[in-house]
Amino acid sequence: MKIKHITPLVVALACSQSALAEIKTLKVDKKNDLKEVMTGYSIVGEGESEKVETEGSEVPQIKTVQNDPEGGDGKSDGGVKINSVTTGGQFGAQMLLGKAGEKNGKLSLSTHVFNVNSSYVKYEVQFYNKTDKKVLATSGVKMLEPKKKVLDETIKLDYKLTKDDLGDEIFVRWVQLSTDSTARDIYVDNVSVVASELEAKK
């Protein structure tokens, strides 16, 4: 399966056609492309009143950086920092994959996450159904702790789409869990998602 590298032009087209397109296989490993496809978010309210904000003083900023680890795509080739700007609450960054289509079967995620701060960071990576406000799959709690020389790791996640996901907007989310200090940030070196088609019934 050929994996295409995302360019800003492709991203713009994908976003404009997201209402029509099924989820496609993608790979994003350039810092400017990561910044283009990732959006900071903050959650306000709970339950039916829950609202996801992507603008405002409490929404994390996506900033390009150069000091990333090897991560499978070369050292210091660039990545992004999900810059925490507030404490408390629920926030992180997200990337729209598209709307689940009839041919979409399994989604397989790989993303390399790192930490160059002196402070530790706790986080998790998710497949998230925005339409239904539902976490589809999660890495569970992860921690990068400089004092223990745990500075980077690759997160892999699989999810088999169901009929309940059909037509819904599916996202990848990097969720900040250590919200007690703005010194704790998540860094992303790359992300790829393989979208497999449903197997034909025999």
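# Briefing: salt bridges and a buried glutamine

Lysine 81 and aspartate 185 are both buried. In this predicted model, the side chains of these two residues meet in a salt bridge, with a distance of 3.7 Å from N to O. Lysine 81 belongs to strand E5 (residues 79-83), whereas aspartate 185 sits in the loop between strand E12 (169-176) and strand E13 (186-197), so the pair ties together parts that are 104 residues apart in sequence.

**The chain as a whole**

- The chain contains two helices and 13 strands, and of its 202 residues 45% are buried.
- When contacts between residues at least 6 apart in sequence are considered, 72% of them join residues that are at least 24 apart.
- The accessible surface of the chain comes to about 10,800 Å², and carbon and sulfur atoms account for 49% of that surface.

**The salt bridges**

- The structure holds three salt bridges, one of which is the pair of lysine 81 and aspartate 185 described above.
- Another salt bridge links glutamate 145 with lysine 148, where the closest N and O atoms are 4.0 Å apart.
- Lysine 148, the partner of glutamate 145 in that bridge, has a relative accessible area of 60% and is therefore exposed, since the cut-off for that class is over 50%.
- Aspartate 180 and arginine 184 also form a salt bridge, and here the closest N and O atoms lie 3.0 Å apart.
- Arginine 184 has a relative accessibility of 12%, and because buried means under 20%, this residue counts as buried.

**Glutamine 176 and its surroundings**

- Glutamine 176 lies in strand E12, and with a relative accessible area of 4% this residue is buried.
- The side chain of glutamine 176 is joined to the side chain of serine 178 by a polar contact of 2.7 Å.
- Leaving aside residues up to four places away in sequence, glutamine 176 touches Ser84, Phe91, Gly92, Val121, Lys122, Arg184, Asp185 and Ile186.

Note on methods:
Residues are numbered from 1 along each chain as its sequence is written. This is a predicted model: local features need pLDDT of at least 70, side-chain atom pairs count only at pLDDT 80 or more; totals for chains, interfaces and linings use all residues. Side-chain values use heavy atoms; hydrogens and water are left out. Helices (H or I, at least four residues) and strands (E, at least two) are DSSP runs, numbered from the N terminus. Buried means under 20% relative accessible area, exposed over 50%, partly exposed in between (1.4 Å probe, protein chains only). Contact means heavy atoms within 4.5 Å. Accessible areas come from the Shrake-Rupley method with a 1.4 Å probe; for residues, only the protein chains shown count as cover. A polar contact is a pair of N or O atoms within 3.5 Å; within protein, one must be able to donate a hydrogen and the other to accept it, and residues adjacent in sequence count only if both atoms are side-chain atoms.
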